[in-house]
Amino acid sequence: MLGCYDFCGHYDWTFEWLRQQGGESLMRAYWEEAIAGDSQRHAADLIEELGFEGMRKYWAHTLEEEAAGYTLTEGDQVIRIDMHDCPSKGFLLQNNISHSPDYCDHCIGWIGPVMEKSGFTIDHEHNHCGKCWWEMRRTSDPSPPSEAGQLSGTADVRLDPDWRAPGASFDRFEKCTSVEHKVPPAPGQSACST
Amino acid sequence: MKSDLLPYHDTKDQGAADFYFAINATFRFIHDRLGADGWVRYLRGLAAGYFTVVNTAWREGGLPAVAGYWRAFFQAEPGASVEVQEEEGRVVLDVRKCPAIHHLRVHGREIVPFYCQHCYHLGQARAEAAGMSMRLEGGNGECRHVYFAEPPAAPQDMNLIRTASSC
């Protein structure tokens, strides 16, 4: 039986298997169709129906169930998540599992399409070491992402001393709903916003 | 949970049951995109690749290692009710309540009808890698897995594996 205890391990293996079978396009279709459209349709339904309140309900349930170390901040027309201890990437790091080239991309790979369907966009950054932040706003909202500490105060993961830990590398997404919208860091520079 | 019988360890005692949604959705996606043969290839790839560490432990530890692994495995799966028995030349898993089928049903998910076959394809491929064999009977919430130290005379009868349903 394929279990849920080590789900993140075989999930990561599955990404790489799909990539080998049908390239990046098959892996991305998997995130969009199987994860966003099927597995996580309860999230999509909540967010489509309730907007920001749906996001709060969904992540409060799922991040508690996964025992994540996170802070969710509700601002004016924005929801921000600071992930200090990602349970998913953390499982891989703790167990030295690495099958796919960029495991962290799967989150934007499925959350992006869910947000697009409900009229939201995402600003997001992850450091590949189990830390990331997210800001969700309505598509019509032109506001830029917050400065470090502006929305979530001392809970802002960008202020965490380990945000720039050795081995950290930053992928950033701006006003996006797709993993294809990754902003490449300038040569020699971190894409980190702080 | 820290069990030396499981290859990977989490900070939680049990996994998050909603991940069964993703496993079911993954099976549907691969079966739709790559066909039944592609889905079996996926499972056999998982068995030979992702589960290498477990297969090696089974090969080295024999049936006691198989029994110990499955006891630890089902303790970490939320909602499982499974009895694992070591008998002469075999290990029997009596699954009284499959945690995956149960969780998918409770949440009204459309379960892929071939869901229960994955336990055979994955289990047999892992057993083969460890020099053993596996047979499955039942399904759709309750089933019986048998791991044999020696290959049984008869091949798996796929008709003995029930179609999974959402109710």
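A nonpolar core is a set of buried Ala, Val, Leu, Ile, Met, Phe, Trp, Tyr and Cys residues joined through C-beta atoms within 7 Å. Keep that in mind as we look around this predicted model.

The largest such core here holds 103 residues. Residues from both chain A and chain B are listed as having the most contacts inside it: A:Ile35, A:Val114, B:Phe19, B:Ala22, B:Leu46 and B:Trp70. Helix α1(B) supplies the largest share of this core, with 15 residues.

Next, follow α1 of chain B, residues 19-48, to where its axis comes within 9 Å of the axis of α3 of chain B, residues 99-106. The two axes cross at roughly 95 degrees, which makes α1(B) roughly perpendicular to α3(B). At this meeting point, B:Tyr20, B:Ile23 and B:Asn24 of α1(B) face B:Ala100, B:His103 and B:Leu104 of α3(B) in contact. Sorted by class, the contact includes four nonpolar residues, two polar ones and no charged ones.

Now for chain A as a whole. Along its sequence the elements run α-α-α-β-β-α-α-β-β-β-β. Some overall values are gathered here:

| Feature of chain A | Value |
|---|---|
| Helices | five |
| Strands | six |
| Box of C-alpha atoms along the principal axes | roughly 45 × 40 × 30 Å |
| Buried share of the 194 residues | 45% |

A compact globule of 194 residues would have a radius of gyration near 16 Å, and chain A agrees because its own value is 16 Å. Among contacts in chain A with a separation of 6 or more, 60% link residues 24 or more positions apart.

How values were computed
Residues numbered from 1 in each chain as written. Chains lettered and ligands numbered in written order. Predicted model: local features only at pLDDT ≥ 70, side-chain atom pairs only at ≥ 80, totals over all residues. Axes fitted to C-alpha atoms, helices over the stretch in contact; angles between N-to-C directions. Helix = DSSP H or I, 4+ residues; strand = E, 2+ residues; numbered from the N terminus. Parallel < 35°, antiparallel > 145°, perpendicular 65-115°, else oblique. Contact = placed C-beta atoms within 7 Å. Nonpolar A, V, L, I, M, F, W, Y, C, P; charged D, E, K, R; others polar. Buried ≥ 20, exposed ≤ 12 C-beta atoms within 10 Å, placed from the backbone. Rg over C-alpha atoms; globule rule 2.2 N^0.38 Å.
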